[in-house]
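Biologist: I'm new to this one. Can you walk me through it?

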Amino acid sequence: MSVREDPQAQPVRPTAEDPVAASGSELIGGPTGRRALLGTSWWTPVRIVAIVAIGMFALGMVQKLPCYDGGWFYGATAQYTHACYSDIPHLYNGRGFALDLVPYFDRIPDNVSGGMQYLEYPVLTGLFMEVASWMTPHGGSIQDREQIYWLVNAGMLMVCTAVIAVCVARTHRRRPWDALLVALAPAFALTATINWDLFAVALTAAALLMWSRSRPLAAGVLLGLATAAKLYPGLLLGALLVLCLRAGRLRAFWAAAGGALAAWLVVNLPVMVSTQGGPHIRDGWKTFYTFSQERPVDFGSVWLIISQRTGNSLEDVNTYGTVLMALACLGVAALALCAPRRPRLAQLSFLIVAAFVLTNKVYSPQYVLWLIPLAALARPRWRDFLVWQACEVMYFLGIWMYLAYTGSGDQHRGLPAEGYQLAIAVHLLGTLYLCALIIRDALVPERDPVRRDGSDDPGGGVLDRAPDAFVLGEARRASRYEGAALVDWGVHRE
């Protein structure tokens, strides 16, 4: 590799390259000096990021205190007006954990679940919920048990938070401080204990770390486990496919895909197949998929705005969403194969998950957790990240104020439908804003903060600095990118 300076030699200091980070550092003494001795004490960047992430998670728990003290149990709208709602305490009893029912195997009585016969979550998330119920004492009032169940889950999700922080900090070896974007993200702290999404996010972050270390099989196994906890991580295999196709590294992709399929089957098959009355797919296992398919237009989606403004229930929303998602995937694939320089894995991962969020028929506020680690790796710039986070916080407040409005009867305390539609639009535009910047970075690589020093794809593992094997469009006519990067593109570095 021909470079003026080895881009892997020194860690990147965000206060030296990001104006917002430099300004924010004034609170703790100003930007890091060029003579500072980094990594010479116990306080390494990874440890600092993990501690900050845990601290912010704890602040998020404090934000839920009004609900813990009664908002979850008393009053029709208290948990909404205080913006501290969580599914966790409600589903402890509502999905049969308080009755010691086994998820997917035992049918939940209608008078307990309100009509949901089986748990509507993927198998590994169901196991997470069940393990938390094992650690919840079965004595005392149901309110006490629901509070303890939330605390137990919060403790387990705090571990997931630390895993996410460490994995993001270590994925790009020279950029550990980028993980502070995750640790300090306000939407992360606010939504961390609404549901169990952090478990899947942690597995996905670990998968990306393994891929960055050129361990595709381990990355695939972790992606398979993540997909067994939440559906969205499986989308990352699509990003890996087109990148490996362009780099001629399909063997690594098939290793990851095989590991993912094997891990998913190991988790799901014992629950999926019932032998009672002959082999068949168990109804409890199918509930997540049938529920996702059959649920109508719901909170947070562009489809809800259209439905409310037109009065149309959009019964064909699955078709509309699938077509738009397919078109978005084709666009991401075209970007991967036609960009002048192969996009980074984090960039394509963010774009494909964002496309799923934008076209889906529901956007729960905790879905932002899926995107935060990917955003920190794809576009590590504080200004753009904070603009997007501001939009997500506005949506977080908007959905609870809207539910307070609809639940307060004639008093109409909260945000009416028009205000909620505006909050949805703000969330959609904020996500599109970050997508636009990432697409620009892929098309004009010298604008990419990660690549400005001559790096290629520090999270790409076997893709990092690999020569192109299959390209389309302009990239076909230019075997090398002659932009601002200080590398001979395509030459493997020893």
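Biologist: What am I looking at?
Modeller: This is a predicted model. The chain has 494 residues.

Biologist: How many helices and strands does the chain have?
Modeller: There are 23 helices and two strands.

Biologist: And how much of the chain is buried?
Modeller: Of its residues, 54% count as buried. The accessible surface is about 21,100 Å². Carbon and sulfur atoms hold 62% of that surface.

Biologist: What about contacts between residues 24 or more positions apart?
Modeller: Take the contacts in the chain with a separation of 6 or more. Residues 24 or more positions apart make up 72% of them.

Biologist: Which residues touch the most other members of the largest nonpolar core?
Modeller: They are F188, L198, W211, L348, F350, I372 and W400. That core has 141 residues. Helix α12, residues 197–212, gives the most to the core, with 13 residues.

Biologist: What does F188 touch?
Modeller: Leaving out residues up to four places away in sequence, F188 touches T161, I164, V182, L198, L369, I372 and Q389.

Biologist: Switching topic. How much space lies in the largest pocket?
Modeller: About 1,100 Å³. Its lining has 39 residues. F291, R295, N360, V362 and Y367 lie nearest the centre of the pocket.

Biologist: Which helices supply at least two residues each of that lining?
Modeller: α6 (87–94), α16 (283–294), α18 (317–338), α19 (345–359) and α21 (382–407) each do.

Biologist: And the lining by class?
Modeller: The lining has 23 nonpolar, ten polar and six charged residues.

Conventions
Residues are numbered from 1 along each chain as its sequence is written. This is a predicted model: local features need pLDDT of at least 70, side-chain atom pairs count only at pLDDT 80 or more; totals for chains, interfaces and linings use all residues. Side-chain values use heavy atoms; hydrogens and water are left out. On a 1 Å grid over the protein atoms alone, a cavity is a set of points where a 1.4 Å probe fits but cannot get out, and a pocket is an open set with protein on both sides within 12 Å along at least five of seven lines; lining residues have an atom within 4 Å of a point. Grid points are joined across faces, edges and corners, and a volume is the space filled by probe spheres set on the points. Helices (H or I, at least four residues) and strands (E, at least two) are DSSP runs, numbered from the N terminus. Ala, Val, Leu, Ile, Met, Phe, Trp, Tyr, Cys and Pro count as nonpolar, Asp, Glu, Lys and Arg as charged, and the others, Gly among them, as polar. A nonpolar core is a set of buried Ala, Val, Leu, Ile, Met, Phe, Trp, Tyr and Cys residues joined through side-chain atoms within 4.5 Å. Buried means under 20% relative accessible area, exposed over 50%, partly exposed in between (1.4 Å probe, protein chains only). Contact means heavy atoms within 4.5 Å. Accessible areas come from the Shrake-Rupley method with a 1.4 Å probe; for residues, only the protein chains shown count as cover.
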